[in-house]
Amino acid sequence: MIYTCTFAPSVDYTTYLPDFKPGKLNRSKQVYYYPGGKGINVSRVLKRLGEDNVALGFSGGFTGQYVADFLHDEGVATDFIPIEEITRINVKIKSDAETELNGPAPNILPEQRDALMDKVQAMKKGDWFVLAGTLPDSIPLEFFKKIAELCQTNGIRLVLDTSGPALKELVVLKPFLIKPNEHELGELFGIVISDKSDAYAYAKKLVEDGVENVIVSMGADGALLVTKDAAVSAKAPKRQVVNTVGSGDSLVSGFIASFVQQQDPQKAFRYGVASGSATAFRSDLCEKQDVEALLDQVQLDPFHEQDVTT
């Protein structure tokens with residue numbers, strides 16, 4: 001089974017305005033209400049791609065119930081841990097420029113995080129655990145290290161899509177997949193990643209330290225996959241970008257969905273890039289038919305060590 005975990009889920013209120021004027025009355029032309037959070041996005045896309053999964057995390061109040069009901073309606077199983085706080089609301093304003101107003105992450109109590117640990121402890125060899133999004137400051141890094149150690153010991157494929165100090169601490173525990181962007185990769189090493197050559201050099205260091213698959217997303221420059229056996233650069237299809245929210249999460253979902261079926265990192269990478277692109281071209285997350293329509297447009301090229309500039 002595939003499990004995703006979102007520590008700070010949300011209801012995302014997304015509004016489209018032809019011209020957003022701060023400090024003035026603005027009337028929306030279109031509004032959408034979606035469950036938010038990186039792990040939840042991964043769960044939704046996985047289900048659309050045909051992979052059953054369970055969304056874990058912490059939720060509370062009427063907004064938490066809305067998130068659970070929405071996921072159930074889409075066929076995504078949930079096993080949320082209840083909290084006293086109301087699940088946050090994030091406001092996404094789409095106009096000439098994108099503006100976001102994100103609510104604060106909840107304060108997770110020790111007994112609530114212990115409940116999550118019990119769920120991870122019960123997972124079986126071959127399961128997947130996707131830890132995605134910002135990890136709350138209310139939870140010590142030792143808790144996340146213990147989760148990663150459990151995954152390593154019990155043969156659970158750990159996928160990390162987070163950043164900051166937590167990612168730096170957890171990569172040493174040999175996750176199956178991490179997906180930093182170029183800025184997050186640079187933060188891990190205290191440097192600035194300026195191109196794919198830099199990205200390759202530092203992704204390779206992570207692989208040499210035990211990470212099985214490193215995908216570096218680089219915006220308009222595409223993405224890079226580095227494993228112990230290969231390095232591959234991807235160019236994504238070019239179309240009008242409608243919505244960037246969830247694109248990276250869709251890449252993770254596509255990689256997992258393909259790998260479950262074919263056990264081939266490069267095929268999974270292609271499918272992941274197609275999934276991320278398909279989401280970027282829609283107002284909501286991608287559908288399977290969108291992904292497969294783009295698959296042949298994703299260009300993969302070997303990235304050789306001699307391509308690295310010094």
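Q: How many bridges join strand β2 to β3?
A: This is a predicted model, where local features need pLDDT of at least 70, side-chain atom pairs count only at pLDDT 80 or more, and totals for chains, interfaces and linings use all residues. Residues are numbered from 1 along each chain as its sequence is written, and side-chain values use heavy atoms, leaving out hydrogens and water. Strands are DSSP runs of E (at least two residues), numbered from the N terminus, and two strands pair if DSSP finds at least two bridges between them. Strand β2 (residues 10–16) runs antiparallel to β3, and the number of bridges joining them is 7.

Q: Which strands stand at the edges of the sheet?
A: Let's walk across it: this open sheet of 4 strands has mixed pairing and the order β3-β2-β6-β7. Two strands have a single partner each, so one side of each is left without a neighbour in the sheet: β3 and β7.

Q: At about what angle does helix α2 run to β3?
A: Helices are DSSP runs of H or I with at least four residues. Axes are lines fitted to C-alpha atoms, for helices over the stretch in contact (heavy atoms within 4.5 Å), and angles between N-to-C directions run from 0 to 180 degrees. Helix α2 (residues 61–73) lies across β2, β3 and β6, and its angle to β3 is about 90°.
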